[in-house]
Amino acid sequence: MLSRFKILEKIKEKREFSQLPEKDIEMAYSNFEKRQASEEEKIRLTKELLRKVFSAFFSKKLLSLKNKDEEWILRKHASTRERLSSYEKIYERIFKDFGNKFSVFDLGAGINGFSYKYFKELGLDVNYIAVESVGQLTELMNFYFKKKKLNGEAIHLSLFELEKIKKIIREQKGKKIIFLFKTLDSLEMIQKNYSLTLLKELAPVVDRVVVSFATRSLGSREKFKAKRNWLVDFIKENFSVLNDFEIAGERYIVFQRKS
């Protein structure tokens, strides 16, 4: 019988999971740990869940490209590809009445760091910090920030390491905004209602928060039946909504703590 530590190590042996934070693997495994099943079955189910959550970013092409321009890379993932023609419009609405100098904390960033060029095109002075679980993507973004001499940094960290995230945010001075673009659904797959905890804990330490979720399926472009009322209602009850709009099959809700 394997120890819990050995089981987690066995899951991480898989190349696609090798650069995920231990916390993410641990949280995924906890969904099956007490199930009446063999160790092999628990390991299989954990891997299956991790693939559902992170599979969009396991593309070998995406992880090995360091000499392509921003738009080429943004086209390689469905979420950023859909935003590509709308980034300026999206950022204009998000940052409306927010000034032009601030820190962005992009949680579960994926490859969204490559959209930094749109901050510059809008004349914004942004200190950009991405927090991302897939280690290969943090390396890719940091390579880009360094190469282009941008005020950006990607940090390899699980979004379940809440205290560490709060520490990173508190260390920055000036105005602060959090992005959670198409991230909360993935967190809910691993731990139900964690999204609500995350928003409650983080909204008070920043000036503004933006969450987004898909309103159309990527393939058929049909409207989803699920409206995520649980999330929208929670935000409206607990925070002050500043903007709520839909662009390119993605709904954005901009809010702040109640005064």
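Q: Is Y116 buried or exposed?
A: Y116 counts as buried because its relative accessibility is 5%; buried means under 20% relative accessible area, exposed over 50%, and partly exposed in between, with a 1.4 Å probe and protein chains only. This is a predicted model, in which local features need pLDDT of at least 70 and side-chain atom pairs count only at pLDDT 80 or more, while totals for chains, interfaces and linings use all residues. Residues are numbered from 1 along each chain as its sequence is written, and side-chain values use heavy atoms, with hydrogens and water left out.

Q: Which helix does Y116 lie in?
A: Y116 lies in helix 8, residues 116–121. Helices are DSSP runs of H or I with at least four residues, numbered from the N terminus.

Q: And what is Y116 in contact with, leaving aside neighbours within four places in sequence?
A: Y116 is in contact with V126, Y128, Y144, L150 and N151, where contact means heavy atoms within 4.5 Å.

Q: Why is the pair of F234 and F239 edge-to-face?
A: The planes of F234 and F239 stand at 70°, with the ring centres 6.0 Å apart, so the pair is edge-to-face. F234 and F239 are also buried.

Q: Changing topic: how do helix 10 and helix 12 cross?
A: The axes of helix 10 (residues 162–170) and helix 12 (residues 194–202) come within 11 Å and cross at roughly 30°. Axes are lines fitted to C-alpha atoms, for helices over the stretch in contact, and angles run from 0 to 180 degrees between N-to-C directions. The two helices are therefore roughly parallel to each other; angles under 35 degrees count as roughly parallel, over 145 as roughly antiparallel, 65 to 115 as roughly perpendicular and the rest as oblique.

Q: Which residues meet there?
A: L162, I165, K166 and I169 in helix 10 meet Y194, T197, L198, E201 and L202 in helix 12.

Methods:
Rings of Phe, Tyr and Trp (its six-membered ring) pair if their centres lie within 6.5 Å; planes under 30 degrees apart count as stacked, over 60 as edge-to-face and the rest as tilted.
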